[in-house]
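Reader: Before we look at anything, could you take me through how such a model is read, one feature at a time?

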Amino acid sequence: MKFFLDTANIEEIKKANDMGIICGVTTNPSLIAKSGRPVEEVVKEIADIVDGPISGEVDAFTLDSEGMIKEGRVIASWHKNMVVKLPTTQEGLKACRVLTSEGIKTNLTLIFSTSQALLAAKAGATYVSPFVGRLDDISTHGVALVEEIAEIFDYYGIESEIIAASIRSSMHVIECAKAGAHIATVPYKIIEQMLKHPLTDEGIKKFQNDSLK
Ligand code: E4P
């Protein structure tokens with residue numbers, strides 16, 4: 001399974017990139033707003049740091065396919081690695097079909113059901129993003145959604161890659177890996193959780209103490 005970082009925080013992206021563990025970045029309007037910078041400026045900076053797919057989402061208020069297509073073309077022009085993130089709606093699917101036919105990569109976001117994932121794949125989505133954490137938040141098993149999508153995509157040889165999104169814990173990452181997600185997009189703090197083990201820290205201390213004897 002590949003890892004993308006789910007943030008627009010440049011310092012976190014540099015840290016994860018320096019460790020060699022991420023091969024892409026996903027952003028969304030909330031993450032861009034948190035950065036406090038214009039979307040084009042921050043996304044271009046991210047694309048200069050990470051040599052891999054960078055998802056930039058269309059404006060949250062753009063709900064019609066014409067608007068999404070127009071914005072998608074602009075986003076795609078920012079860098080060769082740009083992926084246009086579109087909401088999984090009727091208009092989003094229409095935009096996905098057009099952008100895909102122009103060779104532009106897409107990430108269909110806000111996926112909460114297997115049927116949405118199937119339709120997104122049909123429309124030509126490069127990536128589909130089921131939201132695990134937000135489903136868990138409403139007492140629905142988010143990982144089960146990833147598992148079902150992965151099973152069906154595998155059965156039919158569907159090429160869209162599954163990005164497990166809205167990841168809230170390191171256990172989510174492991175469960176999504178077991179469920180067959182191709183990618184997990186994770187906040188930086190999840191990388192820290194995945195890396196940290198008290199026995200590793202203790203082991204380093206013991207080696208240091210023993211070296212001094
Ligand atoms: C990524 O593509 C999503 O936008 C992101 O994972 C959403 O995460 P959240 O549910 O924590 O906002």
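Reader: Is cysteine 176 buried or exposed, and where are the cut-offs drawn?

Author: Buried means under 20% relative accessible area, exposed means over 50%, and partly exposed lies in between, with a 1.4 Å probe and protein chains only. Cysteine 176 has a relative accessible area of 0% and is therefore buried, whereas cysteine 23, at 28% relative accessibility, counts as partly exposed. This is a predicted model, in which local features need pLDDT of at least 70 and side-chain atom pairs count only at pLDDT 80 or more, while totals for chains, interfaces and linings use all residues. Residues are numbered from 1 along each chain as its sequence is written, and side-chain values use heavy atoms, with hydrogens and water left out.

Reader: How many disulfides does a search of the whole structure find?

Author: A disulfide is a covalent bond between the sulfur atoms of two cysteines; the criterion here is a pair of cysteine sulfur atoms within 2.5 Å. The search of the whole structure finds zero disulfides. The cysteine sulfur closest to that of cysteine 23 belongs to cysteine 176 and is 16 Å away, which is too far for a bond.

Reader: How many salt bridges does a search of the whole structure find?

Author: Side chains of opposite charge can pair when their charged atoms come close, and the term salt bridge is used here for a side-chain nitrogen of Lys or Arg within 4 Å of a carboxyl oxygen of Asp or Glu. The whole structure holds 12 salt bridges by this search. One of them joins the side chains of glutamate 41 and arginine 37 at 2.9 Å, N to O; glutamate 41 is partly exposed at 43% relative accessible area, and arginine 37 is partly exposed at 26%. Arg37 and Glu41 are also linked with Glu45 in a network of salt bridges.

Reader: How far apart in helix H5 are glutamate 91 and lysine 94?

Author: Helices (H or I, at least four residues) and strands (E, at least two) are DSSP runs, numbered from the N terminus. Glutamate 91 and lysine 94 are three residues apart in helix H5 (residues 90–101), and so they are separated by about one helical turn; their side chains meet in a salt bridge of 3.2 Å, N to O. Lysine 94 is partly exposed at 38% relative accessibility. A further salt bridge, with 3.2 Å from N to O, joins aspartate 210 and lysine 213; aspartate 210 is partly exposed at 32%, while lysine 213 is exposed at 81%.

Reader: Which residues does serine 55 touch?

Author: Contact means heavy atoms within 4.5 Å. Leaving aside residues up to four places away in sequence, serine 55 touches Val25, Thr26, Thr27, Met82, Val83, Lys85 and Asn107. Serine 55 lies in strand E3 (residues 54–57) and is buried at 1% relative accessibility.

Reader: What lines the largest pocket?

Author: Rolling a probe the size of a water molecule over the atoms shows where empty space is left. On a 1 Å grid over the protein atoms alone, where a 1.4 Å probe fits, a pocket is an open set of points with protein on both sides within 12 Å along at least five of seven lines, and lining residues have an atom within 4 Å of a point. The largest pocket is lined by 29 residues, of which Asp6, Thr7, Leu31, Lys34 and Pro187 lie nearest its centre. The elements giving two or more residues to this lining are helix H1 (10–18), helix H2 (29–35), strand E5 (105–111) and helix H10 (188–195), and the largest share, four residues, comes from H2.
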